[in-house]
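Me: I have a model open and a few quick questions about it. Can you walk me through it?
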Amino acid sequence: MLTADPSSPPPPPITELFTLGRVLGRGSFGVTRLARDRATGAAVAVKTIARRRIVAGGGGGGGGSAPSSSAVERIRCEVEAMRRVSGHPNVVSFKSAHEDAHGVHLAMVSRKKRTEKREEGEKKE
């Protein structure tokens, strides 16, 4: 889908790259979770767009397993927009995009103060 070379080996599951935490938000196209990069320990936000939302007829209506071209284009546009605004102080920065059997995952660098406040809230719960 987002992978340029279909003959490349399958990517690792997102849980091998990030430790996923609590849900930060839900939208019509995905769920965003607080996460930790397993390699660096950095706090990130990971937006997951479930494969069922991407395939033709996705969203629970049966459908096949072929990706909907409009859904794939929407994801590509979102990734490109995130890359363009990355680094702006009022916007989360795009880190990376990953795809596995469950869906497409967009990793974003969380703003430190905001992430620390959320993590403190997690500890109190």
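Me: Lys95 first. Is it buried, partly exposed or exposed?
Reply: Partly exposed. The relative accessible area of Lys95 is 34%. Keep in mind that this is a predicted model.

Me: What does Lys95 form a salt bridge with?
Reply: With Asp37. The closest N and O atoms are 3.3 Å apart. Lys95 sits in strand β4 and Asp37 in strand β2 (residues 31–37), so the pair ties together parts that are 58 residues apart in sequence.

Me: And Asp37, buried or exposed?
Reply: Asp37 counts as buried, because its relative accessibility is 9% and the cut-off for buried is under 20%.

Me: How many salt bridges turn up in the whole structure?
Reply: A search of the whole structure finds 1 salt bridge.

Me: OK, the sheet. What order do the strands come in?
Reply: The order is β1-β2-β3-β5-β4. These 5 strands form an open sheet, and the pairing is antiparallel.

Me: Which strands are at the edges?
Reply: β1 (18–26) and β4. Each of them pairs on one side only.

Me: How much are neighbouring strands turned against each other?
Reply: By 30° on average, with direction ignored.

Me: How many bridges join β1 to β2?
Reply: There are 6, and the two strands run antiparallel. As an example, Arg26 has Val31 in β2 as its bridge partner.

Me: Now β4 and β5. How many bridges there?
Reply: 7 bridges join β4 (residues 93–100) to β5 (residues 103–109). This pair also runs antiparallel. A hairpin through 2 residues joins β4 to β5.

Me: Which residue in β5 is the bridge partner of His98?
Reply: His105. His98 itself is found in strand β4.

Me: What does the His98 side chain make a polar contact with?
Reply: With the side chain of Ser96, at 2.7 Å. Not counting residues up to four places away in sequence, His98 touches Ile14, Leu17, Phe18, Gly103, Val104 and His105.

Me: Switching to the inside. How many residues does the largest nonpolar core have?
Reply: It has 13 residues. Those with the most contacts inside this core are Ile49, Ile54, Ile75 and Leu106. The elements giving two or more residues to it are β3 (43–50), α3 (69–85) and β5.

Me: Which element gives the most?
Reply: α3, with 5 residues.

Me: What is Ile49 in contact with?
Reply: Leaving aside neighbours within four places in sequence, Ile49 is in contact with Phe29, Gly30, Ile54, Ile75, His102, Gly103, Val104 and Leu106. Another core lies apart from the largest one. This other core has 6 residues, among them Ala35, Val44, Val46 and Ala107.

Me: Back to α3. Which strands does it lie across?
Reply: It lies across β3, β4 and β5. α3 runs at about 10° to β5.

Me: Last one, Arg51. Where does it lie?
Reply: In helix α2 (residues 51–54). Arg51 is partly exposed, with a relative accessible area of 24%.

Me: How far is Arg51 from Glu99?
Reply: They are 48 residues apart in sequence. In space the distance is 9.4 Å, C-alpha to C-alpha.

How values were computed
Residues numbered from 1 in each chain as written. Predicted model: local features only at pLDDT ≥ 70, side-chain atom pairs only at ≥ 80, totals over all residues. Heavy atoms only, no water. Helix = DSSP H or I, 4+ residues; strand = E, 2+ residues; numbered from the N terminus. Buried < 20%, exposed > 50% of the residue type's maximum accessible area, 1.4 Å probe, protein only. Pairing = 2+ DSSP bridges. Salt bridge = Lys/Arg side-chain N within 4 Å of Asp/Glu carboxyl O. Core = buried A, V, L, I, M, F, W, Y, C linked by side-chain atoms within 4.5 Å. Contact = heavy atoms within 4.5 Å. Polar contact = N/O pair within 3.5 Å; in protein donor to acceptor, adjacent residues only side chain to side chain. Axes fitted to C-alpha atoms, helices over the stretch in contact; angles between N-to-C directions.
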